[in-house]
Amino acid sequence: MTTTSWKHLVTDNPMLVEITRTRRRFMSLGAGRSVNSGVIAVLIMCYLGLLLGVLRFREDIAPIGLIFAQTAIFTILAPALLHGSIAGERERRSWDILMAAPVSKAQIVAGKFLGALTVLGIGFALFLFPTLITLAFYRGHTPIVPFLGAEAISASFGILLCALTIFLSARARRSFMALGTTLTTLLLTLLAIPGLVATLTMGNDVALEFACYFNPFWALVALVRLSDGSHISNGMPALVYGLPQVAFYLGFSAILLAWSINTLIFADNDVKFKPRKASDA
Amino acid sequence: MLEVRNLRKQYGDLVAVNGVSFCLQPGDVFGFIGSNGAGKTTTIRMISTLLEPTAGTATLNGADIVKDPLAVRSMIGYMPDFFGLYDDVKVWEYLDFFASIYRVPRSQRGDVIDNVLQLTDLTVKKDAFVQSLSRGMQQRLCLARCLVHDPALLLLDEPASGLDPRARAELKALIGELGKMGKIVVVSSHILPELADFCNTVGIIERGDLLAFGPVDQIVKGAHTTRVLELRLLREANASARFMLDLPHVVAAQATSESLVCVDFSGDYEQQAELLKHLVSEGFPVIGFREQEADLEDVFLRLTTGAVQ
Ligand SMILES: Nc1ncnc2c1ncn2[C@@H]1O[C@H](COP(=O)(O)OP(=O)(O)O)[C@@H](O)[C@H]1O
Ligand SMILES: [Mg+2]
């Protein structure tokens, strides 16, 4: 990335106010925001429960197991929080107002994405604390390299989730449609396709390995097995878990974001969203 | 200065805006009048850089809407014909969001927000949630949002629609105020009386064609080659109408009731006085003789055919 585009998208991007906005939207309490306050209260309870559980069973919980749980939560949380990021603006018709402001499409997408990363970053930081506790006390063996690999997979997959949700939100007319397509996409790629492959090939390990190679949960399980000292008997060599997934997630995220920026062009006005007249067809 | 040159927008076969041209100076409050579907919104959206023109362009203080949209955007405040507000944000948060998007320096934002809130009379609602405001207040909040960056041009698309009479009057006063502040204000409406009293320039658009454009009084005069005189007589209205038809400069004369006659008169004021002299010397009992005030409404009805696409 050149310095000018870095300035354009990051340091000099007025849409970074999205970060403040995200923080206000999800993290402000008080009267008039009772739903928010309730959700936050529940989340705090859950987090405290998690901390207590981790402290109590610190010797029995595998660190990568906790990272697995964190990734699962991201998979639900990212679409739940971000599906409206662009489709919702369009639904409320605040989109036109944004488009009439002196910001470029790339700046809008960058702002939305960085705002999303803030939420993700907070989630990641919250989980890091209990994860480090288990890392220190787990009675099984956890070598540091697979552990870091697992964290990197979780974080980069989280980034991909944000990019995917924003992309689908940029293409959808309504936010619930964005949510639906995002969850369906995830369900298909993470569960249905591997399941189908497993059934069709009748448990052929190599085929399954291929179908699940970029599945973060599969990779995490592989890393758990690796760190336990056991190795995968057949299929892909164990060494190839970690970096390839991270590179794939980040690269794919970049593609999706670039594509989102292009997609915004036809969200520019409501031409495509008006019912077409018979004479146009 | 806003200069619109041959702005045209076509959707397939349908010409929504057919080569509209006009020019506005700072302080002009421009009433953009046309029935539904005439092309007002399309024109405004093209000027606000949201829609790409099929042909033609416009420049605002030298910046071209097609070539340099980002520069134009920082100089305009666009208020669409819908609110597009966010829920779950407070009034000041909403304004703060737009102030930062429009690059108002952080140190000035507080003052700017206070100023626009005061101008739009929303100071007491600063900490209220946007969705708790009344319709009129939401409309004023939208206007406040358009003002945070002190734009040179305000594009207000049907701002008064759906407001009660009181809110409407307040909005009018506010728009007049903005014109006095030296901004160019474009206000569209399909209801004529709504605009007539506070605009100094009007344009009448129908089916994408700008039929008339200019200062209000000039438009009103320009559209009338004849003046309408209204005569009140004690009796003999019909006879006087017949008599007048033979007099010079009388284009038409018709008795509209027992005692009223309407005359289409093409002469000047001297000749108008002559006409009265003739009538009186002929013995007609004239008790009233006045020129009907032409207003924008007449011009509008005269120019447009009422056809809607
Ligand atoms: N996106 C579009 N696609 C096709 N036709 C459109 C579109 N937008 C507006 N039109 C047509 O253009 C004409 C002008 O519309 P508009 O500018 O909205 O009128 P106004 O604002 O004066 O009521 C109408 O006939 C409308 O149907
Ligand atoms: Mg309109």
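**Notes on the A–B model**

1. Chain B is divided by its domain assignment (automatic or from a database) into domain 1 (2–214) and domain 2 (227–293). The centres of these two domains of chain B, taken over C-alpha atoms, lie 47 Å apart.

2. A word on reading this predicted model: local features need pLDDT of at least 70 and side-chain atom pairs pLDDT 80 or more, while totals for chains, interfaces and linings use all residues. Residues are numbered from 1 along each chain as its sequence is written, chains are lettered from A in the order in which they are written, and side-chain values use heavy atoms, without hydrogens and water.

3. Now to the interface. Contact (heavy atoms within 4.5 Å) links 31 residues of chain A with 33 residues of chain B. About 2,700 Å² is buried between the two chains, with carbon and sulfur atoms giving 59%; this is the accessible area (1.4 Å probe) lost on putting the parts together, summed over both.

4. Two salt bridges are counted between chain A and chain B, each a side-chain nitrogen of Lys or Arg within 4 Å of a carboxyl oxygen of Asp or Glu. Arg45(B) forms a salt bridge with Asp96(A), their closest N and O atoms being 2.7 Å apart.

5. On confidence, pLDDT (the predictor's score for each residue, from 0 to 100) has a mean of 82 in chain A, and 87% of the residues of chain A reach 70 or more. Please take care with residues 267–281 of chain A, where pLDDT stays under 50. Where pLDDT is low, the predicted coordinates should not be read in detail.
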